[in-house]
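Hello,

Here is the structure I promised to pass on to you.

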Amino acid sequence: MAVAFDEMNIPGGDLRPAYQELARWLKETPPEALEYRRQEAELLFRRIGITFAVYGDSESTERLIPFDVIPRIMSGKEWALLEKGLKQRVRALNMFLRDIYHGRDILRAEIVPDDLIFQNPVFRPEMNGQQVPHDVYVHIAGIDIIRVDAEDFIVLEDNARTPSGVSYMLENREIMMRLFPDLFARHRVAPVERYPDELLSALRSVAPHSASGEPTVALLTPGVYNSAYYEHSFLADKLGIELVEGRDLVVKNNEVFMRTTEGVKRVDVIYRRVDDDFLDPLTFRPDSALGVPGLMSAYAAGNITLANAVGTGIADDKAIYSYMPEIVKFYLGEEPILKNVQTWRCREPKDLAYVLDNLGDLVVKEVHGSGGYGMLIGPAATKATIEAFREKLKREPEGFIAQPTLALSTCPTCTASGLAPRHVDLRPFVLTGSKSTTIVPGGLTRVALKEGSLVVNSSQGGGTKDTWILDE
């Protein structure tokens with residue numbers, strides 16, 4: 001595996017410009033002062049109660065996501081390039097989704113194979129020919145970005161269903177400002193606080209044409225047992241909108257109403273954090289108690305906007321991901337600004353043969369997997385694990401893709417033995433309304449806290465950092 005790109009230090013001992021001020025500050029700050037503030041940050045997170053649940057973890061159901069107090073810093077110039085690439089990618093994703101559920105030009109052009117769409121469990125035939133307000137399918141995208149050198153940003157995956165993590169981006173900034181005002185004073189850091197306002201205005205902008213002057217937005221949560229419930233209540237509070245569960249909503253004459261203490265009130269836009277399968281027991285899973293009976297008929301009648309739209313899972317499928325460079329070129333006629341990771345599609349015999357021969361060097365992922373579950377990291381796996389995975393691959397090759405093991409870039413991080421480089425990725429949140437696409441500068445930096453680990457997912461022991469974009 002290649003040596004990781006160090007975001008702070010240039011080989012030969014120099015510092016990258018964005019980190020010079022931080023390096024000076026670290027020199028002046030005694031290690032015990034840093035440790036004291038690190039403990040203070042942990043205390044604040046516990047007090048605020050920022051937790052997430054880990055499924056299948058018998059030890060504890062609620063865990064604190066570790067927070068690292070050393071910010072990750074990016075220059076304004078680097079951000080400008082990344083922002084341009086993100087807007088391009090999300091535009092292409094929205095055009096792809098509209099096409100898949102309408103004209104299907106991309107299938108006729110034989111750029112994406114038909115069976116990859118129609119035999120895909122996340123493809124929603126119910127959405128065929130369905131108009132969605134303002135043609136926006138992905139209102140909130142979380143695009144996972146990695147770096148392997150100073151020039152390029154590479155997309156690791158597209159999260160187009162219900163991307164989570166933005167509450168940590170906002171809380172991390174608040175805690176950093178509270179604990180490190182001196183460090184902030186020495187930098188011009190672009191603000192992230194506008195995210196809730198930008199999200200609310202994006203959601204209101206895509207309200208159905210039949211909505212009242214000031215559209216009513218509600219956040220639909222699966223409830224307190226969901227792993228991201230903290231984030232749902234946090235966002236509803238910041239946006240100043242109602243947090244509702246399926247049982248709080250009712251559909252009458254193809255319109256959606258929420259029960260309030262003053263009677264029922266019409267809802268125009270639902271920011272839903274419930275998966276497609278559970279949205280409406282009359283259309284999808286009949287055993288779902290989380291959804292709203294009749295919601296899909298109100299949606300088909302054009303009386304409610306769902307953000308994100310139903311059926312967007314097809315855009316964050318990892319096999320579709322491998323076609324993203326072609327997808328960008330097909331719809332926009334442009335070269336992709338953001339690169340893709342080289343991907344072998346195990347459904348193709350030639351690729352499968354290569355993957356089976358090189359399992360020890362590759363990362364193999366489930367096509368529909370998320371959260372770092374169900375994947376094989378060849379270089380870190382035991383022989384027995386690799387062999388078990390080999391059998392799985394032979395049985396069901398279409399369920400997997402493989403990629404080279406990339407050395408994610410590193411940032412300085414607090415560890416038990418002082419500052420040390422740890423691998424990071426970045427999830428910026430891209431908001432698309434009826435008129436424009438906006439991205440608050442930064443996003444959620446996730447960090448692999450175990451030495452040498454490349455797994456940044458919080459469910460697998462990763463932590464988070466505040467991400468600073470310098471306002472130059």
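The structure holds 36 salt bridges, where a salt bridge is a side-chain nitrogen of Lys or Arg within 4 Å of a carboxyl oxygen of Asp or Glu. Before the details, please note that this is a predicted model, in which local features need pLDDT of at least 70 and side-chain atom pairs count only at pLDDT 80 or more, while totals for chains, interfaces and linings use all residues. Residues are numbered from 1 along each chain as its sequence is written, and side-chain values use heavy atoms, with hydrogens and water left out.

**Salt bridges**

One of the salt bridges joins the side chains of Glu21 and Arg186, at 2.9 Å from N to O. This pair links distant parts of the chain, 165 residues apart: Glu21 sits in helix H1 (residues 20–28), and Arg186 in the loop between helix H7 (181–185) and helix H8 (195–205). Helices here are DSSP runs of H or I with at least four residues, strands are runs of E with at least two, and both are numbered from the N terminus. Arg186 counts as partly exposed because its relative accessibility is 30%; the scale is buried under 20% relative accessible area, exposed over 50%, and partly exposed in between, with a 1.4 Å probe and protein chains only.

Another salt bridge pairs Asp425 with Arg446, with the closest N and O atoms 2.9 Å apart. Here too, distant parts of the chain are linked, since Asp425 belongs to strand E19 (residues 418–427) and Arg446 to strand E22 (residues 444–447), 21 residues apart. Asp425 is buried, at a relative accessible area of 1%, and Arg446 also counts as buried, at 12%. Returning to Glu21 and Arg186, salt bridges with shared partners join these two, Arg24 and Glu28 into one network.

In the salt bridge between Arg345 and Glu348, the closest N and O atoms are 3.3 Å apart. Arg345 is buried at 15% relative accessibility, whereas Glu348 is partly exposed at 26%.

**A three-stranded sheet**

There is also an open sheet with the strand order E8-E9-E10 and antiparallel pairing. Its edge strands, each pairing on one side only, are E8 (249–252) and E10 (263–266). On average, neighbouring strands of this sheet are turned by 40° against each other, direction ignored; the axes are lines fitted to C-alpha atoms, and angles run from 0 to 180 degrees between N-to-C directions. Four bridges pair E8 with E9 (residues 255–260) in the antiparallel sense, where pairing requires that DSSP finds at least two bridges between the strands. Within this pair, Leu249 stands opposite Met258 in E9.

Best wishes
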